[in-house]
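Me: Hi! Could you help me look through this structure? I have a few quick questions.

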Amino acid sequence: MNPTLILVLSAIVLGLPTAGFAVSAISAGRLPHRLVAWTGPGVILGAFVATLIIFVAMLQQPASSRGITVVFWHWLNTSVASGHGVAAQTGFNANFSIRIDPLSVLMMLVITGIGGLIHVYSVGYMAEDPGFNRFFAYMNIFITSMLLLVMSNTLVFLVIGWAMVAFASYALIAFWYERRSAVVAGRKAFVTQVIGDVGLYLGAFLIFLNLRGAHGQLLHTVNMQTIFANVGPGAHFHDGLGPLGGGMVTAIGILLFLGAAAKSAQWPLHTWLPDAMEGPTPVSALIHAATMVTAGVYLVARFHPIYQQAPVAAGLVAFIGIGTAMMAGIIGCTQYDIKRVIAYSTMSQIGLMIFAVGVGAYSAGMFQFFTHACFKALLFLAAGNVIHALHDDQDIRLMGGLSKRMKATFVAFTVGSLALAGIPIFAGFFSKEELLGSGLALGPAVPWLWVVGVLVNVLTSFYIFRVVWIAFRGEPRSEHAEHAHEAPLLMLLPVLVLAGLATVVGFLNVDFAGFAPITLFSAFLKPVLGVPAATASDTAGALALLAGFLLSVGGIVLVWAVYGRGLISRELVPNHLPWLYQLSFRKFYWDEIYDVALVRPTVSLATVIRRVIEPEVMDGALGGIRDSIAALADDFRTFQTGFLKDYATWFFFFAVVGLVILGLRLS
Amino acid sequence: MTVIFGIAAVLAFGGALGVVLSQRTLYSALSLVLNMVSLAVLFLLLDAQFVAAVQIIVYAGAVMVLFVFIIALLSPGAEERVRPLELRMLFGGVLAAVFTVVIGRLALNGITVTNNGHFHGALGPFSPSLVDAHGQVQTLGEQLFTTYLLPFEVTSLLLLVAAVGAVYLSKHRRVSS
Amino acid sequence: MTGLFPGFLILSAAMFSVGAVGVLVRRNPLVVFMSIELMLNAANLALITYARYTHTMAGQVFALIVIAVAASEVVVGLALITGVYRSGHKLNLDELSEMSE
């Protein structure tokens with residue numbers, strides 16, 4: 001690939017959303033919405049076009065030469081060139097450099113492509129909102145940050161993108177700042193993100209401090225390509241590598257995953273995601289379904305050379321992923337807020353991706369990310385149409401009968417649900433079966449984790465079709481639901497495009513027993529992510545396929561039996577297993593646990609400090625300092641005569657005093 | 001060379017004293033001209049021909065013309081002397097003497113120069129003979145536009161600001177009065 | 001080798017302190033300005049002396065820059081003095097003390 005072309009194109013990809021942010025931010029409150037309605041989505045679509053050109057240029061190249069690093073500018077370079085009798089030294093160098101390779105291009109395509117569709121949708125969704133320009137400013141800066149995160153080639157700029165993403169997410173969740181619940185949700189998300197950030201920073205610092213090169217010398221580098229090149233087998237951290245990986249590389253893996261867990265809403269840092277549904281629905285689609293929450297998956301996939309050296313850390317990742325997938329699936333079955341159900345489904349699906357990258361099926365995890373971005377954005381946007389039509393009612397108990405009034409949205413939502421549940425020909429089927437097949441072949445504690453993953457299927461199809469049934473079928477149960485009408489074309493069009501994508505993208509990677517393999521997707525990512533260490537045998541693969549499919553269908557049949565025909569009482573679980581129902585309905589009590597374990601002690605401590613330490617100790621000490629400074633100032637005030645000559649005299653006097661002291665010291 | 005230095009030094013110092021001691025502002029200005037021309041001679045002695053020329057053109061030319069013009073415009077009267085001798089004058093005189101003595105001592109006692117007459121540390125590459133061979137103005141110009149480009153550009157910005165400031169100040173006053 | 005080096009330096013110091021005394025004792029702002037010019041010129045002399053005797057160019061370059069700075073300072077300063085004079089004040093630093101407010 002031509003480096004200059006790539007440099008210019010990546011500058012456009014990063015620069016357009018930034019420019020859009022500037023335009024929206026400057027015009028907020030000054031200019032009418034019409035300008036931003038064009039620039040807001042326009043810059044993202046422009047960035048998408050530039051990304052497509054990069055993608056096409058990349059496909060022209062043989063697979064081995066599809067990675068390229070371009071340097072925007074040299075920043076903070078302490079290297080010393082040889083000359084003046086000094087030998088050249090390699091110093092610390094944090095370039096602003098961009099890595100273009102199949103993995104980052106895939107992320108860029110999803111971010112700008114799906115993001116662009118969501119921007120178009122937002123023009124319709126937010127049309128009446130007085131904060132229209134502000135909304136697009138936040139959305140554009142979010143896209144910039146996310147692109148910086150996935151394109152950066154240095155840890156420094158990765159961390160900057162990582163933190164900017166957290167800020168943009170905070171601003172968008174708390175977008176309707178008149179609502180107290182929105183502000184609280186934004187704060188919760190931000191605080192959780194910062195906990196994860198600390199993990200990422202510490203992990204990055206440990207890599208920086210401890211990574212050794214081929215000759216055992218400390219590298220002290222933040223260049224990610226150099227890091228990956230040196231993390232291979234062999235003692236490149238100072239404590240060596242045992243069969244379970246050294247302590248250092250395991251610690252790095254766990255710390256990096258702490259950052260990934262906060263971004264991807266994995267246990268124990270998952271509680272912010274359902275609350276984040278307080279933000280506008282396009283935000284949920286963009287940030288909390290398609291892009292930001294998958295940053296954790298990207299991080300683990302990008303740092304897979306480290307996880308390959310740290311089986312303990314990778315196993316932990318897989319366990320947490322599958323555990324979160326199960327837990328979120330159970331919670332999703334009892335929620336009534338349409339967006340929260342989808343949020344828990346996101347958490348569950350990302351749990352599966354995290355499981356995949358944890359067991360080493362990186363390409364399968366990224367494929368699930370890709371299809372998930374399509375159908376989850378679709379579900380959120382379709383839900384947004386419903387919410388819009390019902391004047392901001394989000395409770396599915398207040399809906400019903402919408403399939404007659406909103407036909408296109410109903411079809412789109414059903415397509416998304418089929419894809420999510422993993423029904424053949426829809427995207428989710430292919431990605432999920434590949435993912436679970438890899439889990440069967442690679443997973444730790446085979447096949448138990450994989451079985452759990454298959455069980456998640458039944459939960460998935462149950463909770464999503466429960467929403468379809470309650471919200472769209474039956475009779476309207478509220479005033480608003482009776483008068484609901486289809487969304488305007490501007491909001492319908494992106495939904496239909498996504499519905500088309502959710503139907504077809506699965507065929508990019510048909511790779512399991514008994515089918516002619518079409519592995520365009522994994523072949524594309526192979527230069528970066530390699531191939532999995534093992535693949536399932538045909539028989540086992542076919543069994544996995546069948547089991548997964550049957551359980552998905554079983555979930556739908558269950559919904560039909562409970563909500564459609566009434567063959568099984570809805571009160572069965574609440575009556576006979578009340579603890580399970582409560583556990584699910586109360587979201588496993590994590591919010592309460594954190595409240596008791598973390599929030600209340602902190603608040604009590606703060607109260608003690610406020611009541612005792614602040615007035616007595618701090619005010620006392622500061623008051624004393626203040627009084628003595630005031631007394632000193634009174635002494636000095638006589639110098640302030642206002643006459644130039646007096647100032648000049650003192651100035652000259654002390655200059656001479658300084659000179660005399662200097663002279664005495666030198667002689 | 002020593003003779004020329006002696007004459008020029010005496011004239012320069014005399015000019016300096018004249019600036020401070022003259023009662024009439026115009027005499028101060030004329031003494032300053034004398035001081036600056038003598039300084040230009042000293043610069044020539046120091047192989048800094050270009051700076052000497054600039055000194056004459058900018059200082060003795062432009063700046064002093066401006067001074068004289070303003071003096072003529074405002075025509076400030078003679079300052080009345082303060083008698084008895086002001087305390088500040090005594091204080092300033094003492095400070096000035098101490099300052100000169102300390103500098104002179106530092107210059108002579110081997111701090112910047114060793115006792116056998118050589119400078120501490122290595123000499124730079126611009127020996128007078130080399131500079132003459134290459135051309136004084138060429139060398140200075142090269143330095144100014146390569147090594148010292150940033151200070152040079154900043155100075156140009158400063159000049160612009162000064163011009164804008166002067167225009168603003170004079171215009172502003174006229175409006176308010 | 002050093003020759004007249006101390007002579008130049010002492011002359012520079014003497015001119016500088018004469019200028020400083022001028023700033024301290026004179027009441028006419030125009031003369032104060034000229035004294036400041038004197039001090040700047042003394043600094044220039046020191047810069048060029050060092051440039052000559054250490055065989056470097058930095059001193060001359062900076063002398064040029066100092067001349068430019070002095071010129072801009074004079075322009076702004078004289079504009080200020082004219083303004084003060086026009087607004088009805090006498091040109092006497094002992095009566096201008098509004099900075100203390």
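Me: Is the crossing of α27(A) and α4(B) left-handed or right-handed?
Reply: The crossing of α27(A) and α4(B) is left-handed. Keep in mind that this is a predicted model.

Me: Okay, and at what angle do the axes of those two helices cross?
Reply: At roughly 30°, and the axes come within 10 Å. Angles under 35 degrees count as roughly parallel, so α27(A) is roughly parallel to α4(B).

Me: Which residues make the contact?
Reply: On α27(A), they include A:Phe652, A:Phe653 and A:Val656. On α4(B), B:Phe91, B:Leu95 and B:Phe99 are among them. By class, this contact has 12 nonpolar, 2 polar and 3 charged residues.

Me: New topic! Which residues in the largest nonpolar core touch the most other members?
Reply: Those are A:Val300, A:Cys374, A:Ala377, A:Leu378 and A:Ala502, in a core of 213 residues. Helix α15 of chain A (residues 362-389) gives the largest share of this core, 18 residues.

Me: What is A:Cys374 in contact with, leaving aside its neighbours within four places in sequence?
Reply: Its contacts are A:Ile114, A:Ala427, A:Leu498, A:Leu501, A:Ala502 and A:Val505. There is also a second, separate core of 71 residues, which includes B:Tyr59 and C:Leu47.

Me: Last one: how many residues of chain C are in contact with chain B?
Reply: For chain C it's 62 residues, in contact with 72 residues of chain B. On the chain C side, α3(C) gives the most, with 21 residues. That side divides into 40 nonpolar, 17 polar and 5 charged residues.

Technical notes:
Residues numbered from 1 in each chain as written. Chains lettered and ligands numbered in written order. Predicted model: local features only at pLDDT ≥ 70, side-chain atom pairs only at ≥ 80, totals over all residues. Core = buried A, V, L, I, M, F, W, Y, C linked by C-beta atoms within 7 Å. Buried ≥ 20, exposed ≤ 12 C-beta atoms within 10 Å, placed from the backbone. Helix = DSSP H or I, 4+ residues; strand = E, 2+ residues; numbered from the N terminus. Contact = placed C-beta atoms within 7 Å. Axes fitted to C-alpha atoms, helices over the stretch in contact; angles between N-to-C directions. Parallel < 35°, antiparallel > 145°, perpendicular 65-115°, else oblique. Left-handed = near helix turned anticlockwise from the far one by under 90°. Nonpolar A, V, L, I, M, F, W, Y, C, P; charged D, E, K, R; others polar.
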